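The paragraphs below follow the charged side chains of a protein model and ask how they pair up. Please keep the structure open while reading.

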Amino acid sequence: MKRFFKYSILMAVAALAVFCANPQQMAKLASMVKTDCTPKILECAGGQIAATYKISFPAKYFLQNAYMKITPELVYGDQKEVAADFWMQGEKIRDNYHTVPFKTASTVTRDVVFPYKKGMEKAELQLRVTIYNASKSKSWEYPIPFKIAEGTITTSLLARTDGVPYLEKNNYEFETIEEIETQILYDVNKSEVKASRLNTDDIKAFEKFLKEAGSDSKTDIKGGKIIGYASPEGPEDKNNKLSIQRAKSAKAAYDKTISKNANLNLNMSVEERGEDWEGFKKLVEKSDIEDKDLIIRVLSMYSDPVVREREIRNMSQVFQTLNSKVLPQLRRSRIVAEVNRKNYSDEELRQMIEVDDNRLTEEALLYAANLFDDNSKKESILKKAANKFNSWRACNNLAALAIQNKKPEEAKRWLDKIQNKTAGYYNNLGAIEMQKGNADQAAEYFYMAKGENGELIDAAKENLGALLIQDGDYDGALEILDGVDGFHHGLALILKGRNDDALKVLKKENDPDESYLRAIIAARKGDVTTCENELVKSFEKKVYEDRIDNDIEFAPLQ
């Protein structure tokens, strides 16, 4: 009986050997082959889907006289992408393929890459296996292909490739503080105010301004100052006293005559400055005096007023000119009104744009363009500034508006009108090339978009970060985006798995783009409530509402 049992076992082993000696039977024993894939859920990076698959064979499986062909296929919907075949051979095959041993278990690892195409979000990565005999005259497929990965994360595709334009800033101020002034001139070494010196055109214009300002609701003059000077000639002590006397006499003249004529009495402080070397230098610089450079050099060489005067007097011919043209203008008192002007409010600007914008300055027009949501209205206001003031900033902002509207050719026409090649100009050139799909040319312009401090402006960093994310270089994107909070910085951090760090730079609560990224982070953490709340906010942009059904990031919560 025992002898019969042993005989039966030997017969079974022999039968199995015969069974496995036929390559066809390798296909029938497909369940003995194991597969694995990294990652389990595919991911699109740099416009490609990359994976690494493993196929493991048990001992005495891969026959010595057999071939095996592995065909990776990415199946999505009714379409598929097929990668290059990978061939293996048994030990007795004398070909140039990868050899798999028969007696020992073995594992083969291969990389595979597919170009991303729309619809691959719900793709399956399959390995189709075909067995061939030694002559390749016959073939047998595994009953079903191995499904080794399912779904594709396409979060990297959220990078904006339409370019972030740069808007040049305006200098519009709601309030401006300025000084309006006039002056009283004196005879040499005198401090008395002559009546004729209060009847000049300059004094009358000053009085008229004060009178009109007093009744103007947008102009506020709370006070001012009266400053006495002496020309830098003669003893310094005497000139210091003379400047004090002139300040006092000017104050008296203001109180008695100017304030009454202007019907506006201001609180005026009184100061004295002594010898007016600063005024002297300014007048010389503006003059046509032949040796003015020599005079300026003397002023820079000597700080002692006595030495200065002596050196200048030594230039006798020059001093005669100074004595007739410059020094008389320094025997003076300045009367300065400190004026606070209120500019147009937002509502007033909106009304003036609709009714009469001819009174608006370049700065007011550049600012007013930001008060309207209607792009056609923005464009109309900026064109007014460009045409009326030859405003290069308006041209740049018109280009930015065209970029936002995805009209690169129109944007380029506006930039062509600009002579002032600023950082914003180069950024917007890059955004134009970005929209045209010329990534390399776009990057070249972005790297030229440096501000006065020599660093790239934030818009250029945003755009370069987007290009690097698009290329799959997440580390490079993080380096360029360091210090720039917002969408692309948060996206790069998410793609590196740094979700908590991403939340720190996604600070805009009511921004649909940033809300969508926060929803992804919440989904990865299993926080259903936060995920749903952020998704609702992101749906202000329909693109996100359309995207969510195919976004594998949210599959665990569905």
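**Charge pairs and a charged patch**

The structure, which is a predicted model, holds 45 salt bridges. A few of them are taken up here one by one.

Begin with the pair formed by Lys225 and Glu179, whose side chains meet in a salt bridge with an N to O distance of 3.5 Å. Lys225 belongs to strand E14 (residues 219-230) and Glu179 to strand E13 (residues 175-185), so this contact ties together parts that are 46 residues apart in sequence. The two partners fall into separate accessibility classes. Lys225 has a relative accessible area of 17% and is buried, because buried means under 20%. Glu179, at 42%, counts as partly exposed.

Asp500 and Lys525 meet through their side chains in a salt bridge of 2.4 Å, N to O. This pair links distant parts of the chain, with Asp500 in helix H19 (residues 499-505) and Lys525 in helix H20 (residues 512-525), 25 residues apart. Asp500 is partly exposed, at a relative accessible area of 46%. Lys525 is partly exposed too, at 49%; the class applies because both values lie between the 20% and 50% cut-offs.

Helix H20 also supplies Arg524, which pairs with Glu553 in the segment after helix H22 (542-547); the two residues are 29 apart, and the pair links distant parts of the chain. In this salt bridge between Glu553 and Arg524, the closest N and O atoms are 2.7 Å apart. How accessible is Glu553, buried or partly exposed? Its relative accessibility is 6%, and Glu553 therefore counts as buried. Arg524, by contrast, has 34% relative accessibility and counts as partly exposed.

Salt bridges can also share partners. Glu509, Glu514, Arg518, Glu534 and Lys537 are joined in this way into one network.

Asp440, Glu444, Asp471, Asp473, Glu479 and Asp482 make up a patch of negative charge on the surface. One of them, Asp473, sits in the loop between helix H16 (458-470) and helix H17 (474-480). Asp473 has a relative accessibility of 33% and counts as partly exposed.

Key
Residues are numbered from 1 along each chain as its sequence is written. This is a predicted model: local features need pLDDT of at least 70, side-chain atom pairs count only at pLDDT 80 or more; totals for chains, interfaces and linings use all residues. Side-chain values use heavy atoms; hydrogens and water are left out. A salt bridge is a side-chain nitrogen of Lys or Arg within 4 Å of a carboxyl oxygen of Asp or Glu. Helices (H or I, at least four residues) and strands (E, at least two) are DSSP runs, numbered from the N terminus. Buried means under 20% relative accessible area, exposed over 50%, partly exposed in between (1.4 Å probe, protein chains only). Patches are made of residues with over 30% relative accessible area and no salt bridge: like charges are joined within 9 Å, nonpolar side chains (Val, Leu, Ile, Met, Phe, Trp, Tyr) within 5 Å. Accessible areas come from the Shrake-Rupley method with a 1.4 Å probe; for residues, only the protein chains shown count as cover. Lys and Arg count as positive and Asp and Glu as negative; His and the chain ends are not counted. The place of a charge is taken as NZ of Lys, CZ of Arg, CG of Asp or CD of Glu.
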